[in-house]
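The sequence and structure come first, followed by the notes.

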Amino acid sequence: MTMKRSQVNEIIREGAAFIRSFGYVLPPFADLTPDEMRARAPELKGLIDARLGWDVTDYAGGDFDAKGLFLFTVRNGNQDDLKSGQGMLYAEKIMISRRDQISPMHRHVVKAEDIINRGGGTLAIQIFASEPDGSIDRDSPVTVATDGIDRQLAAGGVLNLAPGESVTLMPGVWHKFWGEGGDVLIGEVSTVNDDLTDNVFEEAIPRFSPIEEDEAPCRLLVSDYDQWLAS
């Protein structure tokens, strides 16, 4: 199913206001219009190639409030640096998980990430370990570091993070998350981010949502770049 561009525009406006309410300031490129990005595309090549910017998905489910996520990629390193083991090996995102809005069960192949509750409600994260073949291990306990302190949870245990708390999720750790008691501002600090190939979902769902163009975009999504900014 598609998301309407009008809905995406409204989610971006609401998300930007929510982020500002916590004193988090987005970088200047967050304010670039589609026309400005097209006009400055050669200058913005590094930003575009790294897929920095706005990201809204309902995982093609058609119900953003029930299953979806708002993201903004602030910085992102280089896959070639990862291969060499030196250089810009890190990424940063700011995200919003709405109250009771599920970001579905998934794991990463390469990316390790710190997930940080930056404010709002409680961030609930359900966690499983992986079987040797990468599938969900529904029996074994799993150990994760919360602000540097190891915690062991039963398979499928739910970790609740209050504002200021964080968890480190290593590659292969299955997780889904949602806000409890209110919308949650989430920080993510991670290894280089590759949303095109590094997300493995429990369900057969896409990472990005097709967009129905019922109005002009107020901002481009990272998933728009190939179409809107192609040279």
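## Charges over rings

Arg-207 lies over the face of Phe-208, at 4.6 Å from the ring centre. A charge is taken to sit over a ring if NZ of Lys or CZ of Arg is within 6 Å of the ring centre and within 35 degrees of the ring normal.

## Basis of the values

The model is predicted, so local features need pLDDT of at least 70 and side-chain atom pairs count only at pLDDT 80 or more, while totals for chains, interfaces and linings use all residues. Residues are numbered from 1 along each chain as its sequence is written, and side-chain values use heavy atoms, with hydrogens and water left out.

## Salt bridges

The count of salt bridges is 18, where a salt bridge is a side-chain nitrogen of Lys or Arg within 4 Å of a carboxyl oxygen of Asp or Glu. One of them joins the side chains of Lys-4 and Glu-212, at 3.1 Å from N to O. Lys-4 lies in strand β1 (residues 3–4) and Glu-212 in strand β14 (residues 211–212), so this pair ties together parts that are 208 residues apart in sequence. Strands (E, at least two residues) and helices (H or I, at least four) are DSSP runs, numbered from the N terminus. Lys-4 is partly exposed at 38% relative accessible area, and Glu-212 is partly exposed at 34%. For these classes, buried means under 20% relative accessible area, exposed over 50%, and partly exposed in between (1.4 Å probe, protein chains only).

Asp-65 and Arg-98 form a salt bridge with an N to O distance of 2.9 Å. Asp-65 is in the loop between β2 (53–57) and β3, and Arg-98 in the loop between β4 (90–97) and β5 (103–108), so the bridge ties together parts 33 residues apart in sequence. Asp-65 is partly exposed, at 48%. The bridge between Lys-83 and Asp-80 has an N to O distance of 3.8 Å; both residues lie in helix α4 (residues 79–84), three residues apart, about one turn of the helix. Lys-83 is exposed, at 71%. Salt bridges also link Asp-55, Lys-93, Asp-195 and Arg-207 in a network.

## Aromatic pairs

There are five aromatic pairs. Rings of Phe, Tyr and Trp (its six-membered ring) pair if their centres lie within 6.5 Å; planes under 30 degrees apart count as stacked, over 60 as edge-to-face and the rest as tilted. Trp-54 and Phe-72 have ring centres 4.8 Å apart and planes at 80 degrees, so the pair is edge-to-face. This pair links distant parts of the chain, with Trp-54 in strand β2 and Phe-72 in strand β3, 18 residues apart. Trp-54 is buried at 5% relative accessibility, as is Phe-72 at 0%. Phe-29, Trp-54, Phe-70 and Phe-72 form one aromatic cluster.

Thr-73 is in strand β3 (residues 69–76) and is buried, at 4% relative accessibility. Beyond four places in sequence, its contacts (heavy atoms within 4.5 Å) are Phe-29, Arg-51, Leu-52, Gly-53, Glu-92 and Lys-93.

Leu-69 is also placed in strand β3 and is buried, with 4% relative accessibility. Apart from neighbours within four places in sequence, Leu-69 has contacts that include Asp-55, Tyr-59, Phe-64, Met-95 and Phe-177.
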